[in-house]
Amino acid sequence: MAAAAAVREHDASCDTCSPTGRCATGRRLFGELTRLQNDYLTRLRTKKGTP
């Protein structure tokens with residue numbers, strides 16, 4: 001949740017970031033959000049026993 005909030009906050013205040021491109025900080029924040037989401041979904045699948 002904090003990572004998503006950080007991305008939203010950055011997107012709202014950054015003049016460089018757009019839906020089609022991100023600044024270096026925006027790419028880092030979005031990459032971290034993506035990694036955390038993937039880890040979370042993998043954990044849920046593992047708990048359910050779904051590959």
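## Helices and overall form

Helices (H or I, at least four residues) and strands (E, at least two) are taken here as DSSP runs, numbered from the N terminus. With that in hand, L44 is placed in helix α2, a helix that covers residues 24–48. This is a predicted model, in which local features need pLDDT of at least 70 and side-chain atom pairs count only at pLDDT 80 or more, while totals for chains, interfaces and linings use all residues. Residues are numbered from 1 along each chain as its sequence is written, and side-chain values use heavy atoms, with hydrogens and water left out.

The protein has two helices and zero strands. Its C-alpha trace spans about 45 × 20 × 15 Å along the principal axes. The radius of gyration, taken over C-alpha atoms, can be set against a globule rule of 2.2 Å times the number of residues to the power 0.38. For a compact globule of 51 residues the value would be near 10 Å, but the protein has 14 Å.

## Surface and burial

Accessible areas come from the Shrake-Rupley method with a 1.4 Å probe, and for residues only the protein chains shown count as cover. The accessible surface of the protein comes to about 4200 Å², and 57% of that belongs to carbon and sulfur atoms. Buried means under 20% relative accessible area, exposed means over 50%, and partly exposed lies in between (1.4 Å probe, protein chains only). Of the 51 residues, 20% count as buried.

One of the buried residues is L29, which lies in helix α2 and counts as buried because its relative accessibility is 17%. A5, in helix α1, is partly exposed, with a relative accessible area of 33%. The C-alpha atoms of A5 and L29 are separated by 10.0 Å, although the two residues are 24 apart along the chain.

## The nonpolar patch

Patches are made of residues with over 30% relative accessible area and no salt bridge; like charges are joined within 9 Å, and nonpolar side chains (Val, Leu, Ile, Met, Phe, Trp, Tyr) within 5 Å. Here Y40, L41 and L44 make a nonpolar surface patch of about 270 Å². L44 counts as partly exposed because its relative accessibility is 35%.

L41 and L29 are 12 residues apart in sequence and 18 Å apart in space. L44 and A12 are 32 residues apart along the chain, and their C-alpha atoms are separated by 31 Å.

## Charges and salt bridges

Lys and Arg count as positive and Asp and Glu as negative, with His and the chain ends not counted. The place of a charge is taken as NZ of Lys, CZ of Arg, CG of Asp or CD of Glu. On this basis the protein has 9 positive and 5 negative side chains, and the centres of the two sets lie 11 Å apart.

A salt bridge is a side-chain nitrogen of Lys or Arg within 4 Å of a carboxyl oxygen of Asp or Glu. The structure holds three of them. In one, D11 pairs with R22, and the closest N and O atoms are 2.8 Å apart. This pair links distant parts of the chain: D11 sits in helix α1 (residues 2–13), while R22, 11 residues away, sits in the loop between α1 and α2. D11 is partly exposed at 30% relative accessibility, and R22 is partly exposed at 23%.

E32, R35 and D39 are linked in a network of salt bridges. E32 bonds with R35 through a salt bridge whose closest N and O atoms are 2.7 Å apart. How far apart are E32 and R35 in helix α2? They are separated by about one helical turn, because they are three residues apart in that helix.

R35 also forms a salt bridge with D39, where the closest N and O atoms are 2.8 Å apart. D39 and R35 both lie in helix α2, four residues apart, which is again about one turn of the helix. As for accessibility, E32 is partly exposed with a relative accessible area of 34%, R35 is partly exposed at 40%, and D39 is partly exposed at 35%.
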